[in-house]
Amino acid sequence: MTLNAPMKRFLLLLATSLLLEQANSKEVPTFAAADLVLGQPDFLSAAVPPAPASASLDSPSSVVVDSSTGKVFVADTGNNRVLRYANAAALQSGAAAEAVFGQADFVSNGATPVDAGSLDSPTGLWVDGGGHLWVADTDNNRVVMYANANAGTIVNGPDATLVLGQSDAAGEAAATTRIGMSAPESLCVDAGGRLWVADTANNRVLKFNDAASKATGAEADGEFGQDQVTPFTTSTGGSDNLHFMGPAGVAVDSGGTLWVADRGNNRIMGFPTAATISNGANGARILGQPDYNNGSTAAGLSSSRISGPTGLFADAAGGLWALDQGNNRALRFANIKTIDNGKPASTVVGQADFSSNVADLNARRLKTQDATAIAGLFAQPDGSLWISDLKNHRVLRFSPLDSGPPTVAISGKRKVTTPKKRLVVRGTASDDTSVTQVILQVGKKQIPALGTTVWKKTVRLKKPRTIVRAYAHDASGKISAPAKVLILRKPAP
């Protein structure tokens, strides 16, 4: 049977929908334990050897996985190099890298001379849809690209095929121009081939359209974070909804919103339809602070407050992961296309709860707090989360769990008779990721209960017969089947 064009499109959409449904069914839970470590032999080691080696890391800043080959890339910042590891599915803890970028071999870590083959404190990484590896070469004040033929297969020490931020491969001076950059720390390439660069010391984000086809020294096509009176010439920092203060992370979600980790302002800013809005546009979305209007940029520790965010990644299930670096944790904000400003995260990794920021060395804890370096993260389509655990000199992988809907139960009998006008309904709820809330339905009203895994709520009994239904909600928006109790009110004689 020959399929016509509409049928082919329908089947493609159906397959995509099923894949996204599968991605949504698996999530990394709160306080997950890592199942893989790179850079160290086990989860209790954090040593940096006197000389670099193929299995060691020194202050890694970011990690990405190539979706087509499964190869893992790590920015080994302290060793002025990027390491490539074998397919993620085949890796074991403590594995050695198979190739190095920025150095001629695994035992070198010099940063000079500046040329197409060198790196100086590389931080942000990205592999685009064409298989090109992009690197924020921070202390060389530039971004470099290794073409797909080199990124996935070359052995050691390849030359970059494209340089942005400098007019040629030998330049390293910082500049505030349409071509220049100053200490860029993060980057990503969106589905339309646009490169977004957090030009950190210039307090701005730059956009390069059709980036892989640019020539070395190309001008940026767009700019956020600076006013446009004199475009591409200012580096003013600020805390209003236009300016950044040391932007350290960028991500673009599937709806086209650009998210920026505004590190110095302890917030994450969102710019909807960023590819088409004008230069110097104001942020319209915000996480980590209540809003843009209260003047607050103070660091905080809760499910809705953060401290010095750096790495960002928009995952396949519609969430935004953020490396809350000052709090030694990663946060996931669910349903970012519709989440309201200032709303809380639904998942925390690296800490047991949203009120802890302990720095530690084991399979569940992180040690990322550092005022001068950045850490990053990456989520694979299957839900696996990778984090550069900066101060423990390692990269961790957290694998997802199968996540069906939560369950909820009401304590006691299913039918209760009472003479009282009010009755406390109690119960429990559980989920393999996290229960975010329990809602009671009393008639047409929906009432939030107090607590999550253990909950209660006082219900007013206005009628002789009241049915109370309880529903548990989890971090990904799934809702349990209801638990039900019938309450009969019979006044005392």
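Student: Two strands pair if DSSP finds at least two bridges between them, but what counts as a strand in the first place?

Tutor: Strands are DSSP runs of E with at least two residues, while helices are runs of H or I with at least four residues, and both are numbered from the N terminus. Please keep in mind that this is a predicted model, in which local features need pLDDT of at least 70 and side-chain atom pairs count only at pLDDT 80 or more, while totals for chains, interfaces and linings use all residues. Residues are numbered from 1 along each chain as its sequence is written, and side-chain values use heavy atoms, with hydrogens and water left out.

Student: OK, and which residue takes a positive phi in the hairpin of S16 and S17?

Tutor: That is Asn266, whose phi is near 55 degrees, and the hairpin has 4 residues between its strands. Strand S16 (residues 258–262) runs antiparallel to S17 and pairs with it over 5 bridges, with Val260 standing opposite Met269 of S17.

Student: How many residues of S17 are buried?

Tutor: In strand S17 (residues 267–271), 5 of the 5 residues are buried, where buried means under 20% relative accessible area, exposed means over 50% and partly exposed lies in between, using a 1.4 Å probe and protein chains only. Arg267, Met269 and Phe271 point one way and Ile268 and Gly270 the other way, yet all are buried.

Student: What does Gly427 stand opposite in S33?

Tutor: It is Trp455, and S29 pairs with strand S33 (residues 454–460) in the antiparallel sense over 7 bridges. Gly427 is also the bridge partner of Ile410, and strand S27 (residues 407–410) pairs with S29, antiparallel, over 4 bridges.

Student: Switching to rings, how many aromatic pairs are there?

Tutor: The count is 7 aromatic pairs, where rings of Phe, Tyr and Trp (its six-membered ring) pair if their centres lie within 6.5 Å, and planes under 30 degrees apart count as stacked, over 60 as edge-to-face and the rest as tilted. Phe101 and Tyr146 have ring centres 5.0 Å apart and planes at 70 degrees, so this pair is edge-to-face.

Student: Where do Phe101 and Tyr146 lie?

Tutor: Phe101 lies in strand S6 (residues 99–101) and Tyr146 in strand S9 (residues 142–146), so their pair ties together parts that are 45 residues apart in sequence. Phe101 is buried at a relative accessible area of 0%, and Tyr146 is likewise buried at 0%.

Student: Last one, is Asp370 buried or exposed?

Tutor: Asp370 counts as buried, with 18% relative accessibility, and its place is in the loop between strand S22 (347–349) and strand S23 (377–379). Setting aside neighbours within four places in sequence, Asp370 is in contact with Arg263, Gln325, Leu390 and Lys391, contact meaning heavy atoms within 4.5 Å.

Conventions: Pairing = 2+ DSSP bridges.
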